[in-house]
Structures are given as C-alpha cells and as structure tokens.
Amino acid sequence: MRSEFERDYTRVLHSSAFRRLKHKTQVFYSPENDHICTRIEHVALVESISYTIAKYLGLNVELTRAIATAHDIGH
C-alpha cells in the first residue's frame, strides 16, 4: 500500500538515531532563549519547506520527505 520512499520515511521516524535529535540543539543550549530550536524541530521545518518546494516543482514528494527527515541524522 505504501511506496518504498514512504516506508523509508517511516523507518527514519522510528529509528533511534532520529529520536536522539530531540535532545540536541542546533548550535548551543540556552533554556532562556526560545529562538534556539532542537535538531528535531529543525528537521520538521526543513521537511515542511522541502515538501512545499517539491510539490510546486512536480518532484517526488515522498522521496523529498524521506531525504529531508534523514538529513540531520549523524550530527
């Protein structure tokens, strides 16, 4: 029922490496500054923007979502 890219996207979401992103900030940790986001928030924003661009350009949005979601794993 799902394409290969949709399955890849789900695998990324359920991976331990992806879930570890919620504890990492983009540059530094500062609880007093609400403009600092975690890497998982950053990934969500990148995924949203890249999806919109891919859809507008007629590209494969499923592949785009999988790539955007996995782009920060390993940082």
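From the N terminus on, the elements of this chain run α-α-α-α. So that we're clear from the start, this is a predicted model. The chain has four helices and zero strands. Of its 75 residues, 21% count as buried. The exposed surface comes to about 5,500 Å², and carbon and sulfur atoms supply 59% of that. One more overall number: take the contacts between residues at least 6 apart in sequence, and 50% of them join residues at least 24 apart.

Now let's look at helix α4, residues 61-70, and what it packs against.

Start with α1, which spans residues 4-13. How do the axes of α1 and α4 cross? They come within 8 Å and cross at roughly 20°. An angle under 35 degrees counts as roughly parallel, and that makes α1 roughly parallel to α4. The crossing itself is left-handed. If you'd like to follow along on the structure, the α1 side of the contact is F5, E6, D8, Y9, V12 and L13. Those residues meet E62, L63, R65, A66, T69 and A70 in α4. Sorted by class, this contact has seven nonpolar, one polar and four charged residues.

Next, α3, covering residues 39-57. Here the axes of α3 and α4 are 9 Å apart, and the packing angle is about 155°. Anything over 145 degrees counts as roughly antiparallel, and α3 and α4 are therefore roughly antiparallel to each other. This crossing is right-handed. On the α3 side we have V43, V46, E47, S50, Y51, A54 and K55. Their partners in α4 are V61, T64, R65, A68 and T69. By class, the contact of α3 with α4 has six nonpolar, three polar and three charged residues.

If you compare the two lists, you'll find R65 and T69 of α4 in the contact with α1 and again in the contact with α3.

Is I73 buried, partly exposed or exposed? Its relative accessibility is 30%, so I73 counts as partly exposed. And which residues does I73 touch, leaving aside its neighbours within four places in sequence? They are V12, S15, A17, F18 and L21. Take S15: it sits 58 residues from I73 along the chain, and the C-alpha atoms of the two are separated by 9.8 Å.

How values were computed. Residues are numbered from 1 along each chain as its sequence is written. This is a predicted model: local features need pLDDT of at least 70, side-chain atom pairs count only at pLDDT 80 or more; totals for chains, interfaces and linings use all residues. Side-chain values use heavy atoms; hydrogens and water are left out. Axes are lines fitted to C-alpha atoms, for helices over the stretch in contact, and angles run from 0 to 180 degrees between N-to-C directions. Angles under 35 degrees count as roughly parallel, over 145 as roughly antiparallel, 65 to 115 as roughly perpendicular and the rest as oblique. A crossing is left-handed if the near helix is turned anticlockwise from the far one by less than a right angle, and right-handed if clockwise. Contact means heavy atoms within 4.5 Å. Ala, Val, Leu, Ile, Met, Phe, Trp, Tyr, Cys and Pro count as nonpolar, Asp, Glu, Lys and Arg as charged, and the others, Gly among them, as polar. Buried means under 20% relative accessible area, exposed over 50%, partly exposed in between (1.4 Å probe, protein chains only). Accessible areas come from the Shrake-Rupley method with a 1.4 Å probe; for residues, only the protein chains shown count as cover.
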